[in-house]
Amino acid sequence: MKLNLKIWRQKSTAHTGAFVEYTLSHVSPDMSFLEMLDTLNEDLIKKGDDPIEFDNDCREGICGMCSLVINGVAHGSERNTATCQLHMRKFKDGDSITIEPFRARAFPVIKDLTVDRSAFDRIIQAGGYVSVNTGGAQDANCLPVPKDDAEKAMDAAACIGCGACVAACPNASSALFVAAKISHLALLPQGQVERRGRALAMVAQMDAEGFGNCSNIGECEAVCPKGISIENIARMKREYLKAALT
Amino acid sequence: MWVSAAKSKLDSKVPGGAIAEKWDQHRFESKLVNPANKRKFTVIVVGTGLAGASAAASLAELGYNVLSFCIQDSPRRAHSIAAQGGINAAKNYPNDGDSIQRLFYDTVKGGDFRAREANVYRLAQVSVNIIDQCVAQGVPFAREYGGLLDNRSFGGAQVSRTFYCRGQTGQQLLLGAYSALMRQVHLGQVKLFARREMLDVVLVDGKARGIVCRNLINGEIESHAAHAVLLCTGGYGNAYYLSTNAVNSNVTAAWRCHKKGAFFANPCYTQIHPTCIPVSGSHQSKLTLMSESLRNDGRVWVPKNKGDKRPPSHIPEDERDYYLERRYPSFGNLVPRDVASRNAKTVCDEGRGVGETGLSVYLDFANAVQRLGQPAIAEKYGNLFEMYQRITDQNPYVEPMRIYPAIHYTMGGLWVDYNLMSNIPGLHVLGEANFSDHGANRLGASALMQGLADGYFVIPYTLGHYLASTPLPAVNSDHEAFKASANAVREHLKKLLTVRGQKTVKEYHRALGAILWNDVGMARHKAGLEKAVESLRKLRADFWENVKVGGEANLLNKNLEYAGRVADYLELGELLTIDALHREESCGGHFREEHQTPEGEAKRNDEQFAYAAAWEFGGTGKAPVLHKEKLTFENVHLAQRSYK
Ligand SMILES: Cc1cc2nc3c(=O)[nH]c(=O)nc-3n(C[C@H](O)[C@H](O)[C@H](O)COP(=O)(O)OP(=O)(O)OC[C@H]3O[C@@H](n4cnc5c(N)ncnc54)[C@H](O)[C@@H]3O)c2cc1C
């Protein structure tokens with residue numbers, strides 16, 4: 001296949017960026033999207049040009065390192081799929097593809113398609129944990145958890161922290177990310193002790209990082225590579241209200 | 001090609017006494033750091049995978065000041081996140097005969113009697129605490145309807161001792177450790193340095209006192225001083241170019257320590273995982289593992305006849321060869337990885353492989369779907385089936401999966417003693433980066449166990465003893481040793497940027513991978529290994545004359561990072577090959593064609609090779625020096641491994 005690519009290039013946070021166009025031939029339908037970019041980078045390096053910087057690591061859709069807005073959609077238009085798991089067979093010969101970084105005030109561009117998502121770590125630092133030290137735990141089976149609760153908690157815990165929810169939201173809200181963690185712990189007995197403080201602290205940090213408000217648009221759920229449901233956002237709102245009112 | 005040390009410098013520090021009491025006794029005899037004094041110590045932890053995150057969090061909880069480093073933009077993205085299948089522990093919840101003794105025995109035997117007994121026993125002992133700890137953190141393990149934890153059996157085990165979170169066990173365990181780490185960052189006990197690559201370890205008076213790393217965003221070379229350094233930097237499987245490892249996985253941190261004097265043990269023990277998605281073309285950048293748990297319900301087969309090109313559904317039952325069930329009736333499809341991989345290679349070499357390339361075998365769920373129904377299979381393996389379909393465009397509910405072995409894990413690593421300390425005082429090595437517990441072959445679901453055992457339950461004790469019993473005068477990063485190291489790092493980066501040759505880093509990496517996969521892969525022989533050493537030397541020389549890196553040193557430059565890693569892999573590749581050449585026996589993941597039983601099984605040579613080979617760096621391109629740590633088996637009877 002032959003593709004026309006329009007890719008965001010930006011030298012550093014301090015520089016302004018712009019789209020640059022490239023054509024790439026010999027794209028195999030079995031390639032992953034990132035392998036397609038690898039191929040372009042090999043060409044650029046050979047020509048003495050700077051390769052395009054994009055974050056990636058596991059290439060199995062689980063580490064959450066890859067990002068990219070592909071033709072206007074975070075992680076591309078294939079549902080429940082991270083960019084690294086998107087394959088070129090979903091495109092046609094002659095297609096034009098626009099590739100941009102995840103854009104949000106709280107995710108400054110570092111270079112080209114690479115952004116800084118450390119705000120997510122700081123939100124977790126604010127309370128996304130159960131405060132237990134190593135060593136003091138009781139026997140694991142002393143704490144039965146109804147299977148259904150465990151399954152729901154797992155659904156929420158599956159979040160990979162990629163930030164697509166933020167990139168897709170017109171308000172650049174990180175509500176889905178934060179809600180996934182709050183839900184995961186609120187659904188389990190282990191999370192009860194710190195339940196209130198956690199919801200308040202994580203939401204406060206989310207606001208402090210400059211993420212926008214959730215206005216129930218639902219784009220986040222649509223692009224989430226792990227299919228995290230916006231039901232979690234409803235749960236977070238309840239958790240927050242309950243905590244704020246008591 | 002190598003020289004043997006006149007006298008081995010290794011002291012494993014294994015405590016005396018009966019095996020079941022060693023760890024207790026050792027903890028009792030270890031010195032403690034007074035609670036008020038802990039804050040006077042700074043510990044560097046490189047890596048935030050299961051080993052690094054659990055160690056950093058646990059040490060911070062005790063009151064040490066911890067500096068935590070990782071390559072990714074967040075500690076949560078370490079390669080451990082990708083582990084799918086599960087984690088072992090000798091809980092014996094299913095009441096099916098498990099015990100600490102049995103987990104210990106299985107691990108020593110699974111490792112083909114090339115691991116240190118005392119370490120393995122301790123691993124089995126603390127395995128039970130790991131599950132408790134993870135559950136307390138809120139790790140959502142799979143559960144039964146009664147609310148208790150569910151277990152499954154996993155490659156190579158006859159009991160169900162594997163705990164799991166769907167097909168995302170590594171993710172959930174890592175997020176547990178990461179959340180503990182984040183809590184300590186919040187409390188100010190851990191300082192986080194993400195997007196950093198450690199490029200050197202700094203020794204003062206022969207002790208590890210800090211690191212030099214590159215800030216990957218602005219290229220700055222930073223020096224950090226501490227009282228001890230913990231290396232938790234993962235394995236080196238990516239030396240083979242195509243592997244199931246994340247693309248940023250590397251040997252650089254470990255290799256630079258090796259060049260500073262740390263011994264590298266058993267590099268030739270590499271694990272080739274039997275159930276990976278086959279290679280689809282030359283563009284391929286990595287291989288994807290299909291969790292081994294699939295072998296619990298999937299049946300492996302190829303056509304009985306050579307070159308049978310019919311689609312699988314057209315091949316009648318009696319023309320199929322379920323070769324694992326046939327050859328190993330008691331373990332069947334659940335034989336250990338090395339055995340399953342080698343058998344896949346054998347049937348493909350016989351011309352019975354399937355798929356376009358003939359380099360794959362079927363993993364068939366038809367029987368399981370019939371027996372349990374599609375919903376039950378979907379509940380167990382749904383996400384794996386989806387992943388398979390996404391990558392191959394084929395539906396595994398309808399036609400059998402195609403799988404082929406791929407490099408997956410490395411049992412070798414920096415040599416450590418019972419305290420997880422390398423031969424450089426103060427330099428401790430945890431997780432996949434060390435060589436300690438898996439011998440020549442790792443059993444499924446044991447790496448997560450080992451990483452967390454090292455980090456949560458071993459290092460908090462052994463590091464305390466080191467700090468309490470070693471004079472460590474104040475050192476800061478203005479020390480000459482840091483300046484010298486930082487300069488050397490800058491020189492090395494400059495050298496990479498100024499070759500300005502014609503070939504890309506990836507081209508070298510691919511060439512390196514081809515040599516290692518073909519000659520130092522699933523089956524090895526003397527002539528091939530000798531040829532490989534020659535080819536690797538030529539490739540390395542060519543790299544330094546002809547590589548083209550480009551870009552700048554003071555900006556984000558992934559290609560420059562990559563060049564540094566491949567340069568180190570080229571050197572490691574040679575040591576790995578020499579190690580494979582010197583080991584004139586077959587054991588675990590190391591199969592020498594010259595050494596096999598009449599049935600084609602691995603044949604060890606305990607008389608001559610019951611030792612860990614710890615290599616001392618002899619200089620680039622110079623002969624490495626072999627030190628032997630003799631392995632004695634007092635609790636497990638040395639026997640030929642059999643899974644018949
Ligand atoms: C696909 C896959 C599935 C697996 N499934 C299972 C399973 O089901 N059960 C099981 O037991 N095992 C499994 N394993 C093996 C297991 O996941 C790993 O062995 C284990 O997670 C390694 O953990 P670690 O903490 O030692 O290192 P890693 O998780 O690899 O972490 C390495 C860390 O070091 C950092 N680092 C590396 N180099 C540097 C440097 N130079 N400077 C700074 N930081 C650096 C990285 O950023 C990272 O934070 C699997 C492995 C793979 C590849």
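Buried area is the accessible area that two parts lose on being put together, summed over both. In this predicted model, domain 1 and domain 2 of chain B bury about 840 Å² between them. Carbon and sulfur atoms carry 57% of that area. Three residues of domain 1 stand out: B:Arg327, B:Arg342 and B:Lys345 supply 50% of the area that domain 1 of chain B buries against domain 2 of chain B.

Domain 1 covers 273-407, and domain 2 covers 481-630. The contact between them takes 11 residues from domain 1 of chain B and 10 residues from domain 2 of chain B. Their centres, taken over C-alpha atoms, are separated by 31 Å.

One salt bridge is counted between domain 1 and domain 2 of chain B. B:Arg327 forms a salt bridge with B:Glu601. The closest N and O atoms of B:Arg327 and B:Glu601 are 3.2 Å apart. On the side of domain 1 that touches domain 2, helix 9 (337-349) and strand 16 (401-410) of chain B each supply at least two residues. The residues of that side of domain 1 divide into five nonpolar, two polar and four charged.

A second interface joins the two chains. Chain B and chain A bury about 6500 Å² between them, with 50% of it on carbon and sulfur atoms. Chain B gives 78 residues to the contact, and chain A gives 73 residues. Across this interface there are 12 salt bridges. A:Arg89 forms a salt bridge with B:Asp393, where the closest N and O atoms lie 3.9 Å apart. Polar contacts across the interface of chain B and chain A number 51 residue pairs, both residues being at pLDDT 80 or more. Several helices of chain B each supply at least two residues of the side that touches chain A, among them helix 3 (50-62), helix 5 (117-137), helix 11 (374-392) and helix 12 (447-469). The largest share of that side, nine residues, comes from helix 6 of chain B. By residue class, the side of chain B that touches chain A divides into 30 nonpolar, 28 polar and 20 charged.

Helix 2 of chain A shows how parts of both chains can cover one element. This helix spans residues 118-125, and seven of its eight residues are buried, so it is largely enclosed by the rest of the structure. The buried residues are A:Ser118, A:Ala119, A:Phe120, A:Asp121, A:Ile123, A:Ile124 and A:Gln125. From chain A, their cover includes helix 4 (164-168), helix 5 (175-186) and helix 6 (195-208). From chain B, the cover includes helix 6 (169-186) and strand 6 (190-193).

B:Tyr643 lies in the segment after strand 22 (625-630) of chain B. Its relative accessibility is 6%. Buried means under 20%, so B:Tyr643 counts as buried. Leaving aside neighbours within four places in sequence, B:Tyr643 is in contact with B:Lys109, B:Gly110, B:Tyr328, B:Ser330, B:Phe331, B:Val335, B:Pro336 and B:Val339. B:Tyr643 and B:Arg337 are 306 residues apart along the chain, yet 12 Å separates their C-alpha atoms.

Conventions. Residues are numbered from 1 along each chain as its sequence is written. Chains are lettered from A and ligands numbered from 1 in the order in which they are written. This is a predicted model: local features need pLDDT of at least 70, side-chain atom pairs count only at pLDDT 80 or more; totals for chains, interfaces and linings use all residues. Side-chain values use heavy atoms; hydrogens and water are left out. Domain bounds come from an automatic or database domain assignment. Contact means heavy atoms within 4.5 Å. Buried area is the accessible area (1.4 Å probe) that two parts lose on being put together, summed over both. A salt bridge is a side-chain nitrogen of Lys or Arg within 4 Å of a carboxyl oxygen of Asp or Glu. Helices (H or I, at least four residues) and strands (E, at least two) are DSSP runs, numbered from the N terminus. Ala, Val, Leu, Ile, Met, Phe, Trp, Tyr, Cys and Pro count as nonpolar, Asp, Glu, Lys and Arg as charged, and the others, Gly among them, as polar. Buried means under 20% relative accessible area, exposed over 50%, partly exposed in between (1.4 Å probe, protein chains only). A polar contact is a pair of N or O atoms within 3.5 Å; within protein, one must be able to donate a hydrogen and the other to accept it, and residues adjacent in sequence count only if both atoms are side-chain atoms.
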